[in-house]
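Please read the following note alongside the sequence and the model. The points below concern helix packing and a pocket.

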Amino acid sequence: MHAPLRLKDDYLNVLIDLASQRTRDRGSRIYEIELGLSIRDVRLLRMIGAAPGITMGQLVQTCAIEKTLVSKLVSSLVQRELVERQIGAEDARQIRLCLSPAGIDMVLRAEPIGHEMEARFLDCLSVADIENLRRIMHKLIDAEEGSRDIFEFLLVQLRESKESPPSSSPASSAPSRKK
């Protein structure tokens, strides 16, 4: 067995993910018992309720859930008659989403549960800590969004550099032998 490696083990994205995963699991269990919905279902209902007429593309961009899973979850919410699909007035190819009356009732029932769970999760922090954390998280999200184009450009360059053959190395410039 080798000696322990000296590696950074407290990357912020890992800590954020760990806190998120643990609270998401707890929240989902509560929502499933109280409302018969997963935490992701509730998230989508909240987003649709806050932006009636949101398109699937917009929903995917804002909800931080993978596209195919969003599609599956929305279909389930439509089947449960919590969400309604409407053909876009300006563009018939776009499907707009809104809550049904039952969906409005459900998301309003979920809201106090969410407030209570968040308060319990954050009760180890002061009001100032919570405000700072919220401000910092918004700052990080905005920074990521603002750097997305340059990141995608650099990612394309990295892929291209990995795919292109090595430049004029002795091995690559040697004539090939025929067998």
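At roughly what angle do the axes of α1 and α2 cross?

1. The axes of α1 and α2 cross at roughly 80 degrees and come within 8 Å. Axes here are lines fitted to C-alpha atoms, for helices over the stretch in contact, and angles run from 0 to 180 degrees between N-to-C directions. The helices α1 and α2 are therefore roughly perpendicular to each other; angles of 65 to 115 degrees receive that name, those under 35 count as roughly parallel, those over 145 as roughly antiparallel, and the rest as oblique.

2. This is a predicted model, in which local features need pLDDT of at least 70 and side-chain atom pairs count only at pLDDT 80 or more, while totals for chains, interfaces and linings use all residues. Residues are numbered from 1 along each chain as its sequence is written, and side-chain values use heavy atoms, with hydrogens and water left out. Helices (H or I, at least four residues) are DSSP runs, numbered from the N terminus.

3. Where α1 meets α2, Arg24, Gly27, Ser28, Tyr31 and Leu35 of α1 face Ile39, Arg40, Val42, Arg43 and Arg46 of α2. Contact means heavy atoms within 4.5 Å. This contact of α1 with α2 divides into four nonpolar, two polar and four charged residues. Ala, Val, Leu, Ile, Met, Phe, Trp, Tyr, Cys and Pro count as nonpolar, Asp, Glu, Lys and Arg as charged, and the others, Gly among them, as polar.

4. The axes of α2 and α4 (residues 67-79) come within 10 Å and cross at roughly 80 degrees. That makes α2 roughly perpendicular to α4. Arg40, Asp41, Leu44 and Leu45 of α2 make the contact with Leu69, Val70, Leu73, Val74 and Leu77 of α4. By class, the contact of α2 with α4 has seven nonpolar, no polar and two charged residues.

5. For α2 and α3, the axes come within 11 Å and cross at roughly 120 degrees. The two helices α2 and α3 are therefore oblique to each other. Their contact is made by Arg43, Leu44, Met47 and Ile48 of α2 and Leu59, Thr62 and Cys63 of α3. Five nonpolar residues, one polar and one charged make up the contact of α2 with α3.

6. The largest pocket is lined by 40 residues, and Ser20, Thr23, Arg24, Arg43 and Glu118 lie nearest its centre. A pocket is an open set of points on a 1 Å grid over the protein atoms alone where a 1.4 Å probe fits, with protein on both sides within 12 Å along at least five of seven lines; lining residues have an atom within 4 Å of a point. With 11 residues, α1 gives the most to the lining of the largest pocket. That lining divides into 18 nonpolar, eight polar and 14 charged residues.
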